[in-house]
Amino acid sequence: MEFNAKKLDEANAIVTSTIAKEVIDKSFNKMAVQASKEMNVAGFRKGKVPVAVVKQRHGDKILQDAEGDVLRALFQESLKELEFTNEDIIGEPSITKFDKKEDGSIEVEVKFAVKPSIDLGDYKALLPEVKTKEALSK
């Protein structure tokens with residue numbers, strides 16, 4: 001999966017990609033096979049539902065799940081490239097562009113905010129020196 005990930009500034013990043021139809025189809029087929037092993041359909045034993053029946057009856061929902069799965073994978077790969085962790089992300093990423101093309105590919109643009117890195121410098125030098133005093137006893 002090819003993508004372009006770049007930092008806009010210290011606290012924002014953007015990822016752009018065109019997800020190929022083959023990547024989506026691969027995820028779709030994987031999810032359909034998994035669903036066929038777990039689904040209960042009248043006329044078939046549990047776990048023995050043909051994949052074609054699953055695709056016919058639940059194809060739209062499985063396709064949406066496959067697209068979401070591919071987007072999550074894209075997001076995780078872009079985090080690795082930008083050297084961020086999940087803990088660095090602030091809030092939810094916003095999908096600013098999601099265009100399905102006629103050839104089945106999807107053009108995506110995702111923006112997300114991260115915790116900015118703050119250089120505190122030598123802040124310990126700014127602390128005043130404290131002298132301890134003894135109490136006088138009578």
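How many residues does the hairpin use to join strand 1 to strand 2? The answer is four. The views below show this predicted model.

**View 1. Strands 1 and 2 form an antiparallel pair.** Strand 1 covers residues 3-7. Strand 2 covers residues 12-19. Five bridges link the two strands. Lys 6 has Ile 14 of strand 2 opposite.

View 2. Beyond neighbours within four places in sequence, Val 15 contacts Phe 3, Asn 4 and Ala 5, among others. Its contacts also include Leu 74 and Ser 78. Further along the sequence, Val 108, Glu 109, Val 110 and Phe 112 are in contact with Val 15 too.

**View 3. Val 15 and Leu 74 are in contact.** In sequence, 59 residues separate Val 15 and Leu 74. In space, their C-alpha atoms are 8.7 Å apart. Both residues also line the largest pocket.

**View 4. The largest pocket holds about 190 Å³ of space.** Helix 2 (51-82) and strand 3 (89-100) each give at least two residues to its lining. Helix 2 provides the largest share, six residues. Val 15, Glu 92, Pro 93, Ile 95 and Val 110 are among the lining residues. Seven residues of the lining are nonpolar, two are polar and two are charged. Arg 72 and Gln 76 also belong to the lining.

Key: Residues are numbered from 1 along each chain as its sequence is written. This is a predicted model: local features need pLDDT of at least 70, side-chain atom pairs count only at pLDDT 80 or more; totals for chains, interfaces and linings use all residues. Side-chain values use heavy atoms; hydrogens and water are left out. Contact means heavy atoms within 4.5 Å. Two strands pair if DSSP finds at least two bridges between them. On a 1 Å grid over the protein atoms alone, a cavity is a set of points where a 1.4 Å probe fits but cannot get out, and a pocket is an open set with protein on both sides within 12 Å along at least five of seven lines; lining residues have an atom within 4 Å of a point. Grid points are joined across faces, edges and corners, and a volume is the space filled by probe spheres set on the points. Ala, Val, Leu, Ile, Met, Phe, Trp, Tyr, Cys and Pro count as nonpolar, Asp, Glu, Lys and Arg as charged, and the others, Gly among them, as polar.
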